[in-house]
Amino acid sequence: MMPLSSTSPDPHTIVIGAGLAGLVAAAELIDAGKRVLILEQEPESSFGGQAWWSFGGIFLIDSPEQRRLGVKDSIDLARQDWFGSAGFDRDDDHWPRKWAEAYLEFAAGDKREWLRERGIRFFPIVGWAERGGYTSNGHGNSVPRFHIVWGTGPGVVSPFIDRVRAGVAAGRVELRFRHRVDELLVEDGVVVGAAGTVLAPDDAERGEASNRDAAGQFAVRAPTVIVASGGIGGNHDLVRQNWPTRMGTPPEHMLSGVPAHVDGRMLAITERAGARVINQDRMWHYVEGIENYAPVWARHGIRILPGPSSLWLDATGARLPVPLFPGFDTLGTLEHIVSTGYDYSWFVLTQKIIEKEFALSGSEQNPDLTNRDLRLLAKRVGKGAPGPVEDFKTKGADFVVADTLDELLVGMVKLSNGALDTGRVREEIESRDRGLLNAFGKDAQLNAVRQARNYRGDKLIRVAKPHRLLDPKQGPLIAVKLHILTRKSLGGIETDLQARVLGRDGQPVPGLYAAGEASGFGGGGMHGYRALEGTFLGGCLFSGRVAGRAAAEQPHGEHTVGS
Ligand SMILES: Cc1cc2nc3c(=O)[nH]c(=O)nc-3n(C[C@H](O)[C@H](O)[C@H](O)COP(=O)(O)OP(=O)(O)OC[C@H]3O[C@@H](n4cnc5c(N)ncnc54)[C@H](O)[C@@H]3O)c2cc1C
């Protein structure tokens with residue numbers, strides 16, 4: 001029998017997971033004067049979870065940043081976009097819908113001020129993610145809403161890490177790294193604690209996989225437990241197992257957009273304690289993944305956040321259908337790519353386009369914004385692509401750079417396992433270029449590009465002036481092989497509006513709360529089928545806040561059974 005790790009006086013709440021959602025919940029509990037125990041399976045080097053790696057894009061509605069750029073937004077417009085994207089259509093969508101409503105109020109209400117009080121500031125140019133391209137009430141953001149935090153992911157999560165560390169110093173918080181929860185302790189239907197394995201120490205750097213060697217066991221008790229253990233994106237077996245039937249067969253080859261600790265294990269553990277886990281077939285994976293030439297975790301992929309101008313071709317060289325343009329409809333594009341029978345696609349573009357339109361998602365890929373480096377930032381508006389983009393162009397396995405189309409095609413063929421019809425690629429490029437003879441025309445993508453430049457932010461730093469791909473002055477030509485990249489779970493543990501975990505009878509499981517990606521960012525899937533972006537960090541902030549506040553209300557030693 002392995003030794004049980006020692007336990008200091010019972011905390012008021014056990015938080016499982018030291019990612020953004022868990023840290024926000026803990027910070028709320030500290031503010032309410034409660035004792036908190038945080039259990040985290042990874043070493044301290046990975047403190048902060050996925051949020052540390054994130055780009056720090058945050059969804060806000062009708063912000064001063066939007067208004068300064070001439071964007072007119074409102075909660076009604078955002079609600080129309082959200083529900084048009086979510087497509088809620090299941091009985092299980094009862095709580096997800098309510099969470100979506102509550103989250104919209106937060107994003108249009110005190111979210112920005114609450115973040116500012118914690119020292120979080122925003123880059124002045126608001127990004128336009130998930131543009132949709134359908135009708136007004138269909139999928140996508142009608143207006144730019146992607147507010148990048150000054151300092152990216154670390155800028156979002158650090159204020160909460162600092163708060164928790166201050167709680168440790170004040171004796172209110174105990175942080176136990178290398179503590180992996182394997183079981184929730186349930187007595188008479190009430191969750192009373194958690195038990196699991198103390199993992200052996202590990203020197204893994206942030207994001208690297210750590211060992212799973214058992215060095216002991218632990219069991220801890222508290223009147224309330226918050227599960228904030230993240231999603232399933234690092235566990236490709238679970239992703240495949242839950243792959244939505246409407247998306248056909250899961251792709252054979254996928255990159256990982258998240259570290260291995262995003263393993264989804266806690267979902268089944270929480271289910272065993274009486275929780276309902278819903279909408280597990282709803283997920284958010286990207287279609288613009290490139291292999292990281294300097295991987296931190298296995299199959300490490302980086303997502304390109306593309307502007308709208310690159311020509312998007314399937315593996316055979318055929319252009320993707322309207323409106324599947326870069327940055328318009330992530331899951332619509334995924335569904336289409338999977339239907340082609342291949343698990344990759346291509347961007348074809350020019351040097352001019354890459355310079356203005358390629359951003360790479362992730363804090364480490366944006367040193368200017370992450371390190372708040374104004375000198376480096378100034379280069380975004382100047383000539384040349386950002387350094388990390390240039391590095392991928394020269395070192396990345398998925399890039400072909402060529403002065404002529406013939407040369408480009410040779411490079412693409414080498415990366416395409418015989419699937420590419422080079423004649424088709426040539427025809428797609430040449431016909432697209434003919435669409436530029438006039439300042440108007442029938443090509444829907446070119447029209448979307450022209451239209452995007454009516455938004456000041458896009459014209460300034462995000463959308464290149466329309467030009468012929470075959471114009472040598474705009475070159476060299478570039479082709480990028482794009483892989484499918486796993487990232488977020490949209491479904492999860494069902495919760496009510498107080499983040500109480502609901503059981504199979506629809507009643508709260510006493511003592512148990514959930515927050516963040518583990519709870520589908522609230523309710524068991526507040527996004528429905530599709531997201532508007534910037535809503536994942538925001539969903540962790542909101543659901544973590546709700547869970548922390550609700551748990552703090554729970555009297556020590558008492559439980560409310562029933563609704
Ligand atoms: C590269 C990248 C870019 C992103 N960019 C954005 C963006 O711009 N905007 C946006 O909105 N979102 C973005 N996201 C998504 C967002 O960062 C995540 O959805 C969010 O941070 C998830 O936070 P979480 O606290 O729910 O989970 P996590 O960060 O995954 O934290 C969960 C923690 O729980 C621990 N844990 C799990 N199981 C156990 C167990 N059994 N016992 C103990 N501990 C356990 C894990 O080790 C982990 O530390 C990005 C993500 C990545 C990776």
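A crossing of two helices is left-handed if the near helix is turned anticlockwise from the far one by less than a right angle, and right-handed if clockwise. Keep that in mind for the close-ups of this predicted model, where local features need pLDDT of at least 70, side-chain atom pairs count only at pLDDT 80 or more, and totals for chains, interfaces and linings use all residues. Residues are numbered from 1 along each chain as its sequence is written.

**View 1. Helix α1 packs against helix α19.** Helices (H or I, at least four residues) and strands (E, at least two) are DSSP runs, numbered from the N terminus. α1 passes α19 in a right-handed crossing. Their axes sit 7 Å apart, at an angle of about 35°; axes are lines fitted to C-alpha atoms, for helices over the stretch in contact, and angles run from 0 to 180 degrees between N-to-C directions. Residues touching here include Gly 22, Ala 25 and Ala 26 of α1, along with Cys 540, Gly 544 and Ala 547 of α19. (Two residues are in contact if their C-beta atoms, placed from the backbone, lie within 7 Å.) Sorted by type, the contact has 13 nonpolar, four polar and three charged residues. Ala, Val, Leu, Ile, Met, Phe, Trp, Tyr, Cys and Pro count as nonpolar, Asp, Glu, Lys and Arg as charged, and the others, Gly among them, as polar.

**View 2. A shell of residues surrounds the ligand.** There are 42 of them, and the closest are Gly 17, Gly 19, Gly 49, Gly 230 and Gly 516. A residue is near a molecule or strand if its C-beta atom, placed from the backbone, lies within 6 Å of it. α19 (535-553) turns up again: α1 (20-31), α2 (50-53), β6 (179-187), α9 (265-272) and α19 each supply at least two shell residues. The largest share, five residues, comes from α19. By type, the shell splits into 17 nonpolar, 19 polar and six charged.

**View 3. Helix α4 meets helix α5.** α4 (residues 75-86) and α5 (residues 94-108) pack at about 145°, with axes 10 Å apart. Their crossing is right-handed. Trp 82 and Arg 79 of α4 are among the contact residues, as are Ala 100 and Leu 104 of α5. Seven of the contact residues are nonpolar, none polar and one charged.

**View 4. Helix α15 crosses helix α16.** The axes of α15 (residues 405-414) and α16 (residues 422-434) come within 11 Å and cross at roughly 135°. That makes α15 oblique to α16, because angles under 35 degrees count as roughly parallel, over 145 as roughly antiparallel, 65 to 115 as roughly perpendicular and the rest as oblique. Leu 405, Leu 409 and Val 413 in α15 meet Thr 422, Val 425, Arg 426 and Ile 429 in α16.

View 5. Most residues other than glycine have a negative phi, and most peptide bonds are trans. The bond from Val 322 to Pro 323 is cis, with omega near 0°. Another cis bond joins Gly 475 and Pro 476, with omega about 5°.

**View 6. Residues 1-7 have pLDDT under 50.** pLDDT is the predictor's confidence in each residue, from 0 to 100. The protein's mean is 95, and 97% of its residues reach 70 or more. Where pLDDT is low, the predicted coordinates should not be read in detail.
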